[in-house]
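Visitor: I have a protein model to look at. Could you walk me through how the chain is arranged?

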Amino acid sequence: MRVDLLTREYPPEVYGGAGVHVEYLARELRRMLDTRVHCIGAPRDEPGVTAYAAPGELADANAALRTLGTDLSMAAGCAGSDLVHSHTWYANLAGHVAKLLHGVPHVMTAHSLEPLRPWKAEQLGGGYALSSWAERTAIEAADAVVAVSAGMRDDVLRCYPLVDPSRVHVVHNGIDTRQYQPDRRTDVLERYGIDPDRPSVVFVGRITRQKGLPYLLRAAGALDPAVQLVLCAGAPDTEEILAEVTVLVDALQAERDGVIWIQEMLPKAEVIQILSHATVFACPSIYEPMGIVNLEAMACEVPVVATATGGIPEVVADGETGLLVPIEQVEDGTGSPLDPVTFETELAQRLGELVADPTRARAMGLAGRQRAVEHFSWPAVATRTLGLYQSLR
């Protein structure tokens, strides 16, 4: 059986959780069956991986239109496949077209949903209508939809009521706990000016509305001045969100020391060392279908303080591996907190609670790694995914 995975991101061009997912899923599936990867971007040297660039005629077109043009080339490249599996709207249309063109089943994994990310209109303009159309077309026609959490499954059925619930399957994301494990060295910390002897709250993520970084920056003003705030935050969606974050960081740095902003996307090994020395990991997301980054922190024995939204409560066991921050969200699709001040206050309180109790924080970190190892391994994810493929043959 040959399966073709279709994705925007694939190493070394990985920007978010979907790219991490495909990287490790492909690695495990190759142990079980013939697995090919089709991605977008620069040529790859890895066997079985084909990268596609946007058609030259679309070089100056809207970004979403360039993606759809690339999808057509990707669909053509799937000739000979027995099943195609697409990830995110960037590749969903490729999967749908390949299904029609080659007469094979199409599985799509919902890592996020366009109707729940209306701020993407800031980034794509009219292209947001195109990305939404591509996702809707693919998800309503797919032979199976993989939701990365039960919360995401609920979102799929709510946003796309024409989708048959029997076709939506929950397969959680995974974590490589052999790679993500505590690194007690300090060379990376020294390079970025992080003091290993001071407590630290660490954030890792892209600068995008859904990650909620501005809420964390406003909440951080209430933390003990002895606490460092380490922001591994880059790849902004727009100049506007970058400007907003810059103003908030500048204001915080003017009030206190120990505010460290690393704007480049760091190699995994560096992120792992920074996580390993964190007192607490902060995930202030207002939209998070699951949140692989929380698993990465847990695997490094770090307690997590995260928003109780989406699939996060399925990963972070409240009171055991971290603390969840309640949120009432505006019902306009943005996920924005109904009362931002209350959300920021409670975020600061939970972060401060763990920073002030290192013994409890340490116990939660150890419990988090145990949970990551026992419940979220990539071999288990691949086995469940393979079972889904086989059910469609």
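Guide: Start with a definition: two strands pair if DSSP finds at least two bridges between them. Helices (H or I, at least four residues) and strands (E, at least two) are DSSP runs, numbered from the N terminus. The model is predicted: local features need pLDDT of at least 70, side-chain atom pairs count only at pLDDT 80 or more, and totals for chains, interfaces and linings use all residues. Residues are numbered from 1 along each chain as its sequence is written, and side-chain values use heavy atoms, with hydrogens and water left out.

Visitor: How many bridges join β1 to β2?

Guide: Strand β1 covers residues 2–7, and it runs parallel to β2. Val3 stands opposite Thr35 in β2, and Leu5 stands opposite Val37. The number of bridges joining β1 to β2 is 5.

Visitor: How many residues of β2 are buried?

Guide: Buried means under 20% relative accessible area, exposed over 50%, partly exposed in between (1.4 Å probe, protein chains only). Strand β2 spans residues 34–40 and is mostly covered. Its buried residues number 5 of 7.

Visitor: Which residue in β3 stands opposite Val37?

Guide: Strand β3 (residues 49–52) runs parallel to β2. The two are joined by 4 bridges. Opposite Val37 stands Val49.

Visitor: Why is one side of β10 and of β13 left without a neighbour in the sheet?

Guide: These strands belong to an open sheet of 6 strands with parallel pairing, in the order β10-β9-β8-β11-β12-β13. β10 and β13 (322–325) stand at its edges.

Visitor: Which residue in β9 stands opposite Arg206?

Guide: Strand β8 (residues 200–206) runs parallel to strand β9 (residues 228–234). They are joined by 7 bridges. Arg206 faces Gly234.

Visitor: Is Ile260 buried or exposed?

Guide: Ile260 sits in strand β10 (residues 259–262). Contact means heavy atoms within 4.5 Å. Leaving aside neighbours within four places in sequence, the contacts of Ile260 include Tyr192, Ile194 and Leu231. With a relative accessible area of 13%, Ile260 is buried.

Visitor: At roughly what angle do the axes of α11 and α14 cross?

Guide: Axes are lines fitted to C-alpha atoms, for helices over the stretch in contact, and angles run from 0 to 180 degrees between N-to-C directions. The axes of helix α11 (residues 292–299) and helix α14 (residues 358–375) come within 7 Å. Their crossing angle is roughly 115°.

Visitor: Which residues in α11 meet α14?

Guide: On the α14 side are Gly365, Gly368, Arg369, Arg371 and Ala372. From α11 come Leu295, Met298 and Ala299.
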